Every structure is written in C-alpha cells, then in structure tokens.
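Student: I'd like a close look at the aromatic residues here, please. After that, please walk me on through a helix and the strands.

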Amino acid sequence: MHVLGVIHGERVRAGVFGDVVEARGHHLEEWSLAWGKPLPRPLDAYGCVLVFGGSMHADQEDEHSWLREEDALIRRLLELETPLLGVCLGGQLLAKAADAWVGPASRPEIGWFPLELTDEAADDPLFAEQPRTFDAFQWHYHAFDLP
C-alpha cells in the first residue's frame, strides 16, 4: 500500500511513523504543499494519509498560504473516506477540515501529560492495542474539538 505522509518542514518528518509503515511492507511517500510540487501519484492511489506537525498553526493561512490548499486536500480525502491520522498540527488541520473548532488553547501544553482514550478507541485498529491511559509528550499552543 502507498501511504502519503504530509509534512510541514524539513525537521518535522514521519520519524517513527515511517519506520512502522515500512516495517509493515508499505511504501511511505513524504510530501509537502509548501514545496510547490505535485503529489507523486493520484490522491486516490493512497491507502491512507498521515498529516504531521509543524511550527505553524491551522489558522495562519495569511503567513502560510499553502494551508488553504492543504485544507482543500484534507476535505477531499474526507470525501474519499481515505483513512487519515493527524498528529499535532495535522490533528488541528484534520479537525478544521471536518468543521470542528480549532483555536488557541486556554494555556499551552508543553511536556508529558496523561491521556485517556475514548470508548471509541476500543474498536479502532490504531488505538485498540494501546493502554486506556498513558503519558504523551505534547508541545502545542492550539487545541481542537473532536470532529
């Protein structure tokens, strides 16, 4: 399967996610709208898409005009029912494209914080094997509602 990794900077890459994709025998292609290059293959050729983090926020379209195009891309992926995972900024962008609230957090979260999975995670192929609660490193100034 071809997996698209949407990245937002040279130092914000697929990392351990890419290692898992490759270990499972799939092919990861990293790509960024900021590069000004077309997708390596048609959008519907990807079995899933991972949208990663970056230093910008989902509402900074005036500073990063390509975010408008990325919003349209994610909306199209939602229409196609392509499996998507948003990490950090990617979560913000996915929530925004699904018309959920995205904006400044009441306070920044920087450091290790406890997370608790929702009941829906029990049936999710990505989260079902995870413990119900665990600590995760976070570094963000924005938050979002679940779509």
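**A close look at the aromatic cluster**

Tutor: Happy to! Trp112, Phe137 and Trp139 form one aromatic cluster. Keep in mind as we go that this is a predicted model. The count of aromatic pairs comes to 3. Let's take one of them, Trp112 with Phe137: the ring centres are 5.6 Å apart and the planes stand at 65°, and because an angle over 60 degrees counts as edge-to-face, that is what this pair is. Trp112 belongs to strand β5 (residues 102-116) and Phe137 to strand β6 (residues 133-144), so the pair ties together parts that are 25 residues apart in sequence.

Now for the helix. In α2 (residues 66-79), the buried residues are Trp66, Leu67, Glu70, Asp71, Leu73, Ile74 and Leu77. Looking down the axis of α2, you find these buried residues within an arc of 165°, so they line one face of the helix. The face turned away from that buried side carries the exposed residues Glu69 and Glu79. Leaving aside residues up to four places away in sequence, Asp71 touches Lys96 and Ala97. After α2 comes Glu81, with a positive phi near 60°.

What covers the buried residues of α2? The cover includes β1, β2, β3, β4 and α3 (89-97), and that brings us to the strands. An open sheet is formed by 4 strands, with parallel pairing, in the order β2-β1-β3-β4. At its edges stand β2 (27-31) and β4 (84-86), each with a single partner strand, so one side of each has no neighbour in the sheet. From one strand to the next, the twist averages 20°. Further in, β1 (residues 2-6) pairs with β3 (residues 48-51) in the parallel sense over 4 bridges, and Val6 has Val51 in β3 as its bridge partner. Helix α1 (residues 16-23) also packs on this sheet, touching β1, β2, β3 and β4, and its direction makes about 150° with that of β2.

Methods:
Residues are numbered from 1 along each chain as its sequence is written. This is a predicted model: local features need pLDDT of at least 70, side-chain atom pairs count only at pLDDT 80 or more; totals for chains, interfaces and linings use all residues. Side-chain values use heavy atoms; hydrogens and water are left out. Two strands pair if DSSP finds at least two bridges between them. Helices (H or I, at least four residues) and strands (E, at least two) are DSSP runs, numbered from the N terminus. Axes are lines fitted to C-alpha atoms, for helices over the stretch in contact, and angles run from 0 to 180 degrees between N-to-C directions. Contact means heavy atoms within 4.5 Å. Buried means under 20% relative accessible area, exposed over 50%, partly exposed in between (1.4 Å probe, protein chains only). The arc is that of the directions from the helix axis to the C-beta atoms. Rings of Phe, Tyr and Trp (its six-membered ring) pair if their centres lie within 6.5 Å; planes under 30 degrees apart count as stacked, over 60 as edge-to-face and the rest as tilted.
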